[in-house]
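Work through the exercises below with the sequence and the 3D view open. Try each task before reading its solution.

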Amino acid sequence: MSKKEINKCLFVAFLIIVTLLLLTGCSTSKEYFDIEGALPPETTNSLGAQNQKILIVTGEYLPYVTQTQDNNGFFAELIKEVLDHSDIEYEIKFYPWARCAEMVQSGEAWASFPYGRSESNRLTYLFSDPIYTTKHKFYYLVNNEKLTDKFKSYSKISDFSNYIFGGTNSYWYGNKNDITALGIKSEWASDTDALLKMLHSGRIDFFIEDELVCSEAIKRLFVSHEKDFAALPRVAKIHDYFLIASKKYPNSQELLNTFNHSLQTLKEDGRLEQILKDNSIAIK
């Protein structure tokens, strides 16, 4: 190799060394700053855990929330719209409802939806401002021979002393013992689908359900037999739905305040109303 070629190689090597030194000086590692304390720890916004999205859990409750639709149901769409317009970083996961309640109560998850306010959960969770209002109605089987004309004038559970009530857990009317205390016989089931099947078979005489939920379930389970079911003219309850939040989750009240502020803003500018219209949901 000639002297000229050797000098050329040495110059290239010099350039490589200088470049490496410059790169090393400009990109000191995170571990270095953590050890030396020259920079504060890496963080996200102040409303969540460090570098983590807050966890929100929910379950199947058609048509409000579901894994079977692209928007996860109209209520889930409302919730996501509110969160997207706040500075809350989040993820939503589906679990059985009993597990959702446990996770929020323990602080494993920040929140869940949709929930009504009952005496028991009022003491257990924090509640958002009301998000959607609906009607809960008394449902019965049209050809039930036990029903009298007086039946159709009933407006509260205690009126149904000669009939069998169908109930399910985590509803505003309480548990089976609460119904028994009213002097009403009852049968308990896991969900609305099971209650409708019990009603159709004659095991129960009536039950209470959200009008949107019951209408969807009847159309899905009893195709071409929808007219077998009816609702009493009196409404059992005008029912508000909320997001519930954990009392144990870090910064939970601050998160809830932020959520409520965003909720109010989107109600005022008509965005939430438009989501309901887009989903063909009646605005109450």
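The exercises go from the whole chain to single residues, and the model they use is predicted.

**Exercise 1. Overview**

Task: State how many helices and strands the protein has, and what share of its residues count as buried.

Solution: Begin with the secondary structure, which comes to ten helices and nine strands. Next take burial: of the 284 residues, 41% count as buried. Last, consider contacts between residues at least 6 apart in sequence: 70% of them join residues at least 24 apart.

**Exercise 2. Confidence**

Task: Find stretches where the pLDDT is below 50, and say how their coordinates should be read.

Solution: Start from the average pLDDT of the protein, which is 85, with 82% of the residues scoring at least 70. Over residues 2–7, however, the pLDDT is below 50, and beyond near neighbours in sequence this stretch has one contact in the model. A further stretch is residues 14–46, where pLDDT stays under 50 and the model has 16 contacts beyond four places in sequence. Where pLDDT is low, predicted coordinates should not be read in detail.

**Exercise 3. A loop serine**

Task: Is Ser128 buried or exposed?

Solution: First locate Ser128, which lies in the loop between strand E4 (126–127) and strand E5 (132–141). Its relative accessible area is 2%. Buried means under 20%, so Ser128 is buried. Then list its contacts, leaving aside neighbours within four places in sequence: Phe242, Leu243, Leu256, Phe259 and Asn260.

**Exercise 4. Backbone exceptions**

Task: Which residues does a cis peptide bond join, and where do Ser224 and Asn251, each with a positive phi, lie?

Solution: The background is that most peptide bonds are trans and most residues other than glycine have a negative phi.

- Leu62 and Pro63 are joined by a cis peptide bond with omega of about 0°; Pro63 lies in the loop between strand E1 (54–58) and H3.
- Phe113 and Pro114 are joined by a cis peptide bond with omega of about -10°; Pro114 is in strand E3 (residues 111–115).
- Ser224 has a phi of about 70° and is found in the loop between helix H8 (211–221) and strand E9 (229–245). With a relative accessible area of 65%, Ser224 is exposed.
- Asn251 has a phi of about 60° and is found in the loop between E9 and H9. Its relative accessible area is 38%, so Asn251 is partly exposed.

Note on methods: Residues are numbered from 1 along each chain as its sequence is written. This is a predicted model: local features need pLDDT of at least 70, side-chain atom pairs count only at pLDDT 80 or more; totals for chains, interfaces and linings use all residues. Side-chain values use heavy atoms; hydrogens and water are left out. Helices (H or I, at least four residues) and strands (E, at least two) are DSSP runs, numbered from the N terminus. Buried means under 20% relative accessible area, exposed over 50%, partly exposed in between (1.4 Å probe, protein chains only). Contact means heavy atoms within 4.5 Å. pLDDT is the predictor's confidence in each residue, from 0 to 100.
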